[in-house]
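Open your viewer and keep the sequence panel beside it. This tour goes one selection at a time.

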Amino acid sequence: MSEVATARRSRITPEREAELYGAVLDLLREVGYDAVTMDAVAARTRSSKATLYRQWGGKAELVVRAMRSQKPGGLADIDTGTLRGDLHAVVGREDDCVMAQNAALMRALAMAVHQNDDLRQAFKELLVEPEMEEFRRMIRRAVDRGEVSPDNPALDYMVHMLVGAFATRTLIDDLPPTREFLTSYIDAVVLPALGVPSH
């Protein structure tokens with residue numbers, strides 16, 4: 001984050017920021033990305049529109065930062081000593097209720113991401129790239145431990161597999177993603193593809 005963005009954002013208390021992010025996510029679930037406006041956020045949070053623009057620059061950054069605020073800490077904190085343990089720990093960070101809410105938010109954003117360049121850019125920079133980098137570090141540790149062969153072709157698709165399972169559960173099974181589903185998916189699909197024992 002640039003110094004300007006840091007300075008810009010530092011004028012608001014963490015409590016107030018959390019309250020604003022909660023209101024943005026509620027609006028997103030209620031009306032979808034396109035219908036979320038800075039006016040609506042300002043009204044919902046008793047803020048001035050000028051304050052919102054000063055803090056976040058625009059709707060795309062505000063929405064993506066609100067989504068990022070829901071992430072339960074970075075993957076960097078997870079190091080169980082095995083790739084299986086690490087992946088299970090990632091899934092275990094959120095309970096099924098939060099996971100279902102996040103899946104609903106992702107569905108609300110999916111179409112908008114393809115239609116709004118500013119949202120796609122913010123989504124990539126603030127959510128996707130940091131998460132990808134943390135997954136790469138997790139994989140590097142597994143390779144360094146000798147758990148995964150460095151030339152395993154499935155390595156490049158691990159994140160795609162995990163995101164695919166999360167995103168398509170509702171579409172295919174008409175059920176939200178759950179810890180049990182994702183844990184069994186990791187053991188049945190992801191780990192075998194990487195040549196890692198799943199028990």
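A crossing of two helices is left-handed if the near helix is turned anticlockwise from the far one by less than a right angle, and right-handed if clockwise. Keep that for the third stop. This is a predicted model, where local features need pLDDT of at least 70, side-chain atom pairs count only at pLDDT 80 or more, and totals for chains, interfaces and linings use all residues. Residues are numbered from 1 along each chain as its sequence is written, and side-chain values use heavy atoms, with hydrogens and water left out.

**Whole chain**

Show the protein chain as a cartoon. It has 10 helices and zero strands. Both are DSSP runs numbered from the N terminus: helices are H or I with at least four residues, strands are E with at least two. Along its principal axes, the C-alpha trace spans about 55 × 40 × 30 Å. Of the 199 residues, 39% are buried (under 20% relative accessible area; exposed is over 50%, partly exposed in between; 1.4 Å probe, protein chains only).

**Helix 2**

Select residues 14–31. Helix 2 has 18 residues and reaches 26 Å from its first C-alpha to its last, close to the 26 Å expected at 1.5 Å a residue. The expected span is 1.5 Å times one less than the number of residues. Color Glu17, Leu20, Tyr21, Ala23, Val24, Leu25, Leu27 and Leu28: these residues of helix 2 are buried. Step on to Gly32, which follows helix 2 and has a positive phi, near 85 degrees.

**Helices 3 and 4**

Now select helix 3 and helix 4. Their axes come within 9 Å and cross at roughly 110 degrees (axes are lines fitted to C-alpha atoms, for helices over the stretch in contact; angles run from 0 to 180 degrees between N-to-C directions). Helix 3 is therefore roughly perpendicular to helix 4 (65 to 115 degrees; under 35 is roughly parallel, over 145 roughly antiparallel, the rest oblique). The crossing is right-handed. Met38, Asp39, Val41 and Ala42 of helix 3 make the contact with Lys49, Leu52 and Tyr53 of helix 4. Contact means heavy atoms within 4.5 Å.

**The core**

Which residues touch the most other members of the largest nonpolar core? Select Leu28, Tyr33, Met67, Leu109 and Leu119, out of 29 residues. Such a core is a set of buried Ala, Val, Leu, Ile, Met, Phe, Trp, Tyr and Cys residues joined through side-chain atoms within 4.5 Å. Apart from it lies another core, of 28 residues, including Leu75 and Met161.
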